[in-house]
Amino acid sequence: LNVKDLETALSSPRKIAYLEETLRAIEQGSLKVRVRSLENEQALARLTTQTTALSNLLLSTLCLSCFQIAELNALRIATASLAGLFGAKGLKGFLDLAVADKKAKRYVSKDFNDK
């Protein structure tokens, strides 16, 4: 007897049982298939960055509005500083988006021919 044939003969019932369990799970609808898509993950990361940048710009605008109605000098300085901080973070987020979009364009092929 060959060792490989012996291993196949011993492991075949276990493999067949696994296939049977999998087919039953498919038939019953209890099998969950997870698919990861690089394009979806990149789009989600882009949306997250964009949302964060917009939120920072919105907070900056809110701080500028508070600056306009503030009467105390210390409060005006604080709101102006926060507006500058959030504005800078928002602009940085949009610059990060521009860099990511430029990098992603390098990987997009326009000359794809399905042969």
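Analyst: By relative accessible area, a residue is buried under 20%, exposed over 50% and partly exposed in between (1.4 Å probe, protein chains only). The model is predicted, so local features need pLDDT of at least 70 and side-chain atom pairs pLDDT 80 or more, while totals for chains, interfaces and linings use all residues. Residues are numbered from 1 along each chain as its sequence is written, and side-chain values use heavy atoms, without hydrogens or water.

User: Which residue forms a salt bridge with D101, and where does that residue lie?

Analyst: A salt bridge places a side-chain nitrogen of Lys or Arg within 4 Å of a carboxyl oxygen of Asp or Glu, and D101 meets its partner at 2.8 Å, N to O. The pair links distant parts of the chain, 55 residues apart, with D101 in helix α3 (residues 73-105); helices are DSSP runs (H or I, at least four residues), numbered from the N terminus. The partner is R46, in helix α2.

User: How far apart are the closest N and O atoms of K92 and D96?

Analyst: K92 and D96 both belong to helix α3, 4 residues apart, about one turn of the helix. D96 has 37% relative accessibility and therefore counts as partly exposed. Their side chains form a salt bridge in which the closest N and O atoms are separated by 3.0 Å.

User: How many salt bridges does a search of the whole structure find?

Analyst: Among them is the contact between R24 and E20 at 2.6 Å, N to O, with both residues in helix α1. R24 counts as partly exposed because its relative accessibility is 46%, and E20 does so because its value is 40%. Over the whole structure, the number of salt bridges found is 3.

Notes. Helices (H or I, at least four residues) and strands (E, at least two) are DSSP runs, numbered from the N terminus.
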